[in-house]
Amino acid sequence: MSQMIDPISSEIFERKPYLQNYFKNFQSDHQWELHRAKKDGEYYVSLDGNPLSSSFSPLTQAIRLIETYALKATDVVIVFGLGNPHLLTSVSDKLNPGQILIFVGEDETLVPILWDPFLKPILQVPGRHLFSGELFFPLFFNYLESLPIERVSGLKIIRNPTDTNRNPIFKELEDKTQTVFSAKMSDLLTKFEFERLWIKNSVFNLVHAEKSPPVKFPISQLRDQFQDLTAVLVSAGPSLRKNLSWLQEVRDKVFVLSCDTSLKVLIKAGIQADGVVTLDAQTNSFFHFMGESLGEIPLFADLVSSPTLLREPMFTSVVHSVTAKYQVDAEGSLVREVTAGGELAEHVFQDVGDIQSGGSVATTAFDLLRFMGFGSVYFLGQDLAYSGREIHSTGTHHNEKWLTQVSRKNSLERINEVIIRKRETRFVPSCNGGEVLTDYVLDLYRHWFEESATSVKEMSLWNVNEDGANMEGIPSLSPKAAKEKLNLIPNHHYPWRKFSIWSGKETKENEMPEISKDKGNKPKNQNFQEMTSHGTIPSSGEALFQKIHTDLSFIESKLNAFAVDTENTSFQDSEIWIWMQSESYLRRLIRKTEIYLLRHKDLDTKRKNQILIQSIRKEIRFLKRSLYPMMDSFPEKG
């Protein structure tokens, strides 16, 4: 392309600024060329003189390849390899404008060669994207992470065979792409199943946050408070029971944070955890704590956690956080996505604190330790696999339940085996250099830890495990080797117990979140409101309840008015729908319905209105059933 940028390219660069970087005179070890094919009007690409598609009719080759794929209007389509330029054009022509089509190449220097005759016309079409060369692969995965997954139903990968068979980088890119897409689809399905419950639980927990016991604190009060200290994250993998003696020996050198499933195992071994983490929105999590004396242990609980558990005065305190994901969108901006209901936390806590999660309690617990500033973290019982063809360590609630089912014809081994065989299993590298059985979900968590290890270089991470799945970037240690490393550090003398989260005493000035004070002990934030000693805004629970009550009454009145006055107008163009966009907790209640309508554009306006309004009414009734019993909690005024 000439130094003078033409108007079409300028328009493309304005929408996708990163594409300008392809014209910065990159150097390549290979010679890429565009040649005329024997058939008039057709072209092929050569690498060091070798054609990367048919030199006779690359267009015919491209059409035959595309015919083997059943492409849907809701698919994300990715083309690996730029060696056949007619493949790029043919796929783009077959898809609708706005449908997501991504081209992935191996070399930056190929883009300027293909720009004018092929890429420029394609990239004018909305939804078309290009990432070619190692420097641009991180942008590719950032884009995948920010995809609006609710608008798509599947992933189709089209490979230019000469490219993908020649260069192994495409296999690596495809594997990682499948992992990212699978994780996003799994996340979406989880939202379908639990999002309304998350909102219900968050509302209940926030409205009752000022009530005690137990006293509720925000995790922000512990931000970076334990720098240079060492922690052990205890999960309930099968290897936990064999390594408990190691934890007993090093107990006075580490902060012990237990996942809810592993807490009973620690208690039976005489080890008192310094904290326990729960994430489950369902009341089943209650069984991990039932029957135990937990009066000196704080519970670290996401706002979506079961209210049945959080309103029980069995813990010394509850430390709240919200799960939030930070990702870079296609325009390069940082986007914060908080779990449904978490956006309401600011009505009750001035600064509750964001925790990132990979979907399991252990991933949340790890980010809690990072948030609190621990310099070293040892993983214990983090098998992420069926070590010894077992699911959990003995001593967990699950094993206690299964023991009641054991009989002459139904052993504990058989119970484990029946559960494992129902899952999508695979073998992965183990900590001891062999292989170990895992499943699809556990493998997603393993990839999450591996990705996290690359982003927390300031932390030292160690996996005390000889049986479970190997985690790249987190070295495995035997208990003996781990003990030798910890022998080099002094005993900690439990410095966290000075905090009111553990002591139950009034919050000291030096414990208040940094956002709440400056050198003059006055709020930095102009919108700062007075806080109680444990971090909540006074009378905020009642205020939040009244806000939600008002919101629901307002929606009901507007729905009735819409049904009478504007029967043939699209509800999604109405004022009430526009207002609901600003109240994200309400819109998330009907996420599934909204996605259904996105994928069934053939429905007429009247039917779409009926479906959407029925869904909103249903969710209002659901939220009312959880809200209105709370009215007894607040005295009437006047």
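Analyst: Gladly! The chain is assigned domain 1 (7–166), domain 2 (218–503) and domain 3 (540–632), with bounds that come from an automatic or database domain assignment. This is a predicted model, where local features need pLDDT of at least 70, side-chain atom pairs count only at pLDDT 80 or more, and totals for chains, interfaces and linings use all residues. Residues are numbered from 1 along each chain as its sequence is written, and side-chain values use heavy atoms, leaving out hydrogens and water.

User: What separates the centres of domain 1 and domain 2?

Analyst: A distance of 42 Å, with the centres taken over C-alpha atoms.

User: Which residues of α14 are called buried, and what do they pack against?

Analyst: Buried means under 20% relative accessible area, with exposed over 50% and partly exposed in between (1.4 Å probe, protein chains only). Among the residues of α14 that are buried are Leu442, Tyr445, Trp448 and Phe449. The buried residues of α14 pack against elements including α7 (169–207), α11 (361–372) and β16 (376–380), where contact means heavy atoms within 4.5 Å.

User: What makes a space a cavity, and how many are there?

Analyst: On a 1 Å grid over the protein atoms alone, a cavity is a set of points where a 1.4 Å probe fits but cannot get out; lining residues have an atom within 4 Å of a point. Grid points are joined across faces, edges and corners, and a volume is the space filled by probe spheres set on the points. The whole structure has two cavities of 30 Å³ or more.

User: What classes of residue line the largest cavity?

Analyst: Eight are nonpolar, none polar and one charged. Ala, Val, Leu, Ile, Met, Phe, Trp, Tyr, Cys and Pro count as nonpolar, Asp, Glu, Lys and Arg as charged, and the others, Gly among them, as polar. The lining includes Leu552, Met580 and Glu619, and α21 gives the most, with three residues.

Conventions
On a 1 Å grid over the protein atoms alone, a cavity is a set of points where a 1.4 Å probe fits but cannot get out, and a pocket is an open set with protein on both sides within 12 Å along at least five of seven lines; lining residues have an atom within 4 Å of a point. Helices (H or I, at least four residues) and strands (E, at least two) are DSSP runs, numbered from the N terminus.
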